[in-house]
Amino acid sequence: MNDPVGTELGLRAGKVIAVHLNYPSRAAQRGRTPVHGSYFLKASSSLAADGGTVERPKGTELLGFEGEIALVIGKRGRRIDPAHAWPHVGWVTAANDLGLYDLRHADRGSNLRSKSGDGFTPIGPAFLPAAGLDPAALRLRTWVNGELVQYDTTAGLLFGFAELIADLSRMSTLEPGDVILTGTPAGASVLEPGDLVEVEVDSVDPARPGRTARLRTTVVDGPALAGYGAQPKRDDALRADAYGTPEKSTVDDLPERLTQVAVATLSAQLRRHGLHNVSVDGVHPARPGSRFAGRARTLRFLPLREDLFAEHGTGFNAQKQAIESVGPGEVLVMEARGEPGTGTVGDILALRAQLRGAAAIVTDGGLRDSAVVAGLDIPVFHGGAHPAVLGRRHLPWETDVAIGCGGTTVRPGDLVVGDDDGVLVIPPELAEEVLTAAVEQERQEEFITEQVRAGHEIKGLYPLSGQWLERYREQRAPGKEIR
């Protein structure tokens, strides 16, 4: 067995444990945010030192990559307290959680054959001593054929490394040489033969530097799978999952259905659930008549500090990372502290988000190039037009974390809806119930409006009660139409 852990560190490779979802950006892409961590095992024989090559069997199509940060356990432990978990980690390195989606149906849940092929867990090349690192200040980057496709940090993980270690050790002993793959951010997709995928982990804490260098893996053609056992199988939904794009509206049509209901109606229904502070206040559409709904991706700006701008404000900064990672049907929501005194987005970035299929952009900061943006197809809601560039007031800081926009909290994966009345944030777990009630409310209001037009007074009619309510119910009965 190729044993990179043993080779590099003098350890015997043990369990390889992978986390399903841990980055908010990936959870938003999947349309669900787990309350607790969940895991699957990969065979230790899938480990491959320094990447090398990996085969995509002939007749298969969906070899997926997932850049990840790997923790290598250095100290044995069971029932580890989160406060004492990090010392059990010996080393941190880069990893790639490769998987063959074509075989996912064969072992759904366990991922045994789809994820445990030889070479399907490249790891390395350098192993960084964990004691010298801040686990909340690590950065993960993935490139495919030289293009940066994944970028995120550990600052906003759903489940921090200490929590993962404590959770996994509640019933199972963690042994030296065990490897924990800690999840992948948005941007994971599919590789073709000839593609080169590279993963690197480094520290963003200048007081604790360290980097793994790039873990390089090249995809090559492999022989077809033997005719016995489960055979490759795929469909459009699986392809969407593998490529990292939202599934079709037949699977997740909630945002589309939300656009059929007025934001004011949704607001009334959210109030009935005790949610009074879910509006993004102070924003208005660049183009009146704009309407949108989608799942949130987030970008946070901090107040400008000149000494930090060279590091965080230039180059491929968090603002550009957010634009380049927003996906079809997603809404990019920006926290700018309600400060409209400089632009947080302009025509070029808005156009790029439109071309990536984003449903909308919402910022409680300023908008540059407002007349041009108003002419784009993508709805953009903003706090006010301003000609100044980003560096006048703001520092682009981080993506896909919980933010405060227009006085309310927005989490990655929340549903965000907007029209001329404003923008609302809807918790995903309430969305179906709120939408159903909102549709019914609008049906009732349609009935009420017709009666008012006919000259009836609003007493007992608005809201519906008594005989008017009975009449409404009769006309809503099967075979009846509202008149």
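**From a loop residue to the cores and helix pairs**

Arg 79 lies in the loop between β6 and β7, and in this predicted model its phi is near 50°, a positive value in a residue other than glycine. With a relative accessibility of 60%, Arg 79 counts as exposed, because the limit for that class is over 50%. A second residue with a positive phi is Asn 111, where the angle is near 60°, and its place is in the loop between β8 (99-100) and α3 (112-115). Asn 111, however, is buried, since its relative accessible area is 9%. Such backbone values deserve a look, because most residues other than glycine have a negative phi, and most peptide bonds are trans.

Gly 124 and Pro 125 are joined by a cis peptide bond with omega at about -5°, and Pro 125 has its place in strand β9, which covers residues 121-129. Tyr 462 and Pro 463 are likewise joined by a cis peptide bond, with omega at about 0°, but Pro 463 lies in a loop, the one between α12 and α13.

On the α12 side the contact is made by Glu 440, Arg 443, Gln 444, Phe 447 and Gln 451, and on the α13 side by Trp 468, Arg 471, Tyr 472, Gln 475 and Arg 476. These contact residues divide into three nonpolar, three polar and four charged.

Another helix pair has another geometry: helix α9 (residues 318-325) and helix α10 (residues 347-355) pack at an angle of about 30° with their axes 8 Å apart, which means that α9 is roughly parallel to α10. Here Gln 319, Ile 323 and Glu 324 of α9 make the contact with Leu 349, Arg 352 and Ala 353 of α10, a set that divides into three nonpolar, one polar and two charged residues.

What of the interior? The largest nonpolar core has 28 residues, of which Ile 69, Leu 71, Val 92, Phe 161 and Ile 165 touch the most other members. At least two residues of this core come from each of β1 (16-19), β6 (67-73), β7 (89-96), β10 (138-144), α4 (161-168) and β14 (196-203), and α4 gives the most, with four. Within α4, the buried residues are Phe 161, Leu 164, Ile 165, Ala 166 and Leu 168, and they pack against β1, β2 (39-42), β6, β7, β10 and β12 (179-181). Leaving aside residues up to four places away in sequence, Ile 165 touches Leu 71, Ile 80, Ala 85, Val 89, Leu 174 and Ile 180. A second, separate core holds 22 residues, including Ile 323, Leu 349, Ala 350 and Val 373.

Finally, Val 401 is found in the loop between β25 (394-399) and β26 (403-405), and it counts as buried because its relative accessibility is 10%. Its C-alpha atom is separated by 5.6 Å from that of Gly 156, although the two residues are 245 residues apart along the chain. Again not counting residues up to four places away in sequence, Val 401 touches Gly 156, Thr 298, Val 410 and Pro 412.

Methods: Residues are numbered from 1 along each chain as its sequence is written. This is a predicted model: local features need pLDDT of at least 70, side-chain atom pairs count only at pLDDT 80 or more; totals for chains, interfaces and linings use all residues. Side-chain values use heavy atoms; hydrogens and water are left out. Contact means heavy atoms within 4.5 Å. Ala, Val, Leu, Ile, Met, Phe, Trp, Tyr, Cys and Pro count as nonpolar, Asp, Glu, Lys and Arg as charged, and the others, Gly among them, as polar. A nonpolar core is a set of buried Ala, Val, Leu, Ile, Met, Phe, Trp, Tyr and Cys residues joined through side-chain atoms within 4.5 Å. Buried means under 20% relative accessible area, exposed over 50%, partly exposed in between (1.4 Å probe, protein chains only). Axes are lines fitted to C-alpha atoms, for helices over the stretch in contact, and angles run from 0 to 180 degrees between N-to-C directions. Angles under 35 degrees count as roughly parallel, over 145 as roughly antiparallel, 65 to 115 as roughly perpendicular and the rest as oblique.
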